[in-house]
Amino acid sequence: MQKQTLLDGIHSPYDVKKLNYIQMEQLCEEIRSRLIHTISQTGGHLASNLGVVEITVALHKVFSSPTDQIMWDVGHQAYAHKLLTGRRDRFDTLRQEDGISGFPKAGESIHDVFLAGHSSTSLSVASGLARAKTLLHEEGHVISVIGDGAFTNGMVYEAMNNVGRYKDRMIVILNDNEMSISKNVGAFARYLAKIRSKREYFDAKDIIEKGLKSIPVVGNSLHKAAAASKAAVKDMLYNSNLFEDFGFAYLGPVNGHDIKNLCEVMQRAKSLNRPVLLHIETQKGKGYPFAEENPGAYHGVSKFDVKTGSSDIAPADSFSTVFGDALTEFAKQDESICAITAAMKYGTGLAGFATAFPQRFFDIGIAEGHGVTFSAGLARNGLKPVFAVYSTFLQRGYDQILHDTAIEQQHVLFAVDRAGIVGEDGETHQGLFDAAYLSNIPNMIIYSPTTYAELRYFTRKALYECKGPVALRYPRGKEPVLPENSSTEQDYLLLDERKAKTLVISYGKEFEQAYHAAQMLSQRDLPVALMKLNKINPIEEVCVELASQYDAILFAEEGILQGGIAEHFGLRLQRCGYRGSYAVRAVDGKFVPQATVVSSLKKLGLDAQSLCDLIASLYPEQ
């Protein structure tokens, strides 16, 4: 019979409150063991979760969720929180279909306050939650646990600029591990390094304040009188403290792996009943040597071998790596090419470029809006900026694409990685909206290649034959297995060997499913023509003319239906007087939850068999 662990006895946050410090330390070890074991089987965010174990345990010791509301930024560091809030028995279903999410989800637990799949949102949410508690006279604090990498995004400072105006019970826990996904960059990282190296001031501040307050009768008065001189000394020594200037009480830096110290300082923050910034230093990947040595590589992992640590971030055989290699080759011949990434050097396949051309590589942190406009500035002065960014994160820079890039036709290449269904990260990370929102921007050119050869070719074309903003979108993972005649350097490809009456149109990786559907139908003596769009916006007139010659058309799109390429194509057919049958299979007004790509395609009716059945129904004789 297996020995019961402390973790086995944790059914709710209330159970954590019963533990002493020694038991809490043991619980932290058990949580780390469970995290490593589970993530090795399911994949997920490893290093970030290993770093916040003690913070999570201390939070549930000191505070009382859900009365005290805990926000996680980014939400992928909330795995330990899930283990302590009634989801331990289902933890093996993490990121699996119908399982628990890899991010906080209000519908999953009363202890999950707000969805947090994208970075740097928690301070804005927390300030709203705290203001509401004050106005509604409700009990409890609001706590935001936010990584130092998230402070590279301007939304954090917008929130801080407003939080200090009020005296709401809001605590910001700055999880300082010197990392976001890749190594942190920029002035804020240097600022935190300065604070870490100057902790003597804050130690002295604590001692003096305690001493002054302990003096009978006049203690508090002396404390207030000392405040002005204290500020002057602080300004002289440290040029002030950014957080205090924004209206926060600053506590720290604190060792994020000392459970007793964490509980004590959290209790102090709680007692202040005002906005507090608690600065905690942690080690990303703590407790697993491979992740400690290379936290960037173990930020997000597929299944891995616990003993060897073998893991895959951007494998050699992937669209991301092929794109990064191609861009590096072009840059060897063209000194005007620059690469920009938003803290995703490894995931976007740009590590090689960064090594080869460090002066032309820009990791701008988690600041997609800035990345777009920065790229536009580079383009305005004659460079060729390439912003490699996941589809889901490019959404955060939409206004900058439209206003700063498209109106005056700045030649920026957006390398839109993870376009389409991405799988287990679920709703917050699916790349299903970029084709729709980009195609609605005037003069935006969009390519969506299916193969590596096409990816290389259209990268070159986007760099040297296009004007204005260009998007090059490609999926996660490997290229599909297709015959050679399915790849082309043209903007479109028409395959119609038997002069069929029915045409299937698709683009990107979804063309693989359309091709196999056509093969199935061919075996049933139901010939189908195929049109692959490599250039999906603007739609070429010749494609509309060719399509209008068929009696029936099915457009299969791995993207949102509303505003998508299929709708644009249908409108063009209508305008040219097409009288045949036009059907669309796309993602119809829904967010796609976590599941494998294969399962998601099947549920959406975008797999080969579903397309085959739908196409067959377009034949009148069937």
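The model is predicted, so local features need pLDDT of at least 70, side-chain atom pairs count only at pLDDT 80 or more, and totals for chains, interfaces and linings use all residues. Residues are numbered from 1 along each chain as its sequence is written, and side-chain values use heavy atoms, with hydrogens and water left out.

**Helix H21**

- Let's start with H21, a helix of 14 residues covering 510–523. Helices here are DSSP runs (H or I, at least four residues), strands are E runs of at least two, and both are numbered from the N terminus.
- From first C-alpha to last, H21 reaches 21 Å, close to the 20 Å expected at 1.5 Å a residue. That expected span is 1.5 Å times one less than the number of residues.
- Which residues of H21 are buried? They are Glu-510, Phe-511, Glu-512, Gln-513, Ala-514, Tyr-515, Ala-517, Ala-518 and Leu-521. Buried means under 20% relative accessible area, exposed means over 50%, and partly exposed is in between (1.4 Å probe, protein chains only).
- The buried residues of H21 pack against several elements, including strand E14 (492–495), strand E18 (552–560) and helix H25 (608–616). Contact means heavy atoms within 4.5 Å.
- Just after H21, Asp-525 takes a positive phi of about 60°.

**Salt bridges**

- Side chains of opposite charge can pair when their charged atoms come close. A salt bridge here is a side-chain nitrogen of Lys or Arg within 4 Å of a carboxyl oxygen of Asp or Glu.
- How many salt bridges does the structure hold? There are 23 salt bridges.
- Arg-32 pairs with Glu-54, and their closest N and O atoms are 2.7 Å apart. This pair links distant parts of the chain, with Arg-32 in helix H2 (residues 21–42) and Glu-54 in helix H4 (residues 53–62), 22 residues apart. Both Arg-32 and Glu-54 are buried.
- Glu-108 and Lys-82 also meet in a salt bridge, at 2.7 Å from N to O. Glu-108 sits in the loop between helix H5 (79–84) and helix H6 (122–135), while Lys-82 is in helix H5, 26 residues apart.
- Glu-108 counts as partly exposed because its relative accessibility is 23%, while Lys-82, at 0%, counts as buried.
- Arg-131 bridges to Asp-168, with the closest N and O atoms 2.8 Å apart. Arg-131 lies in helix H6 and Asp-168 in the loop between helix H7 (154–163) and strand E4 (170–176), so the pair ties together parts 37 residues apart in sequence.
- Salt bridges that share partners join Lys-82, Arg-87, Glu-108 and Asp-112 into one network.
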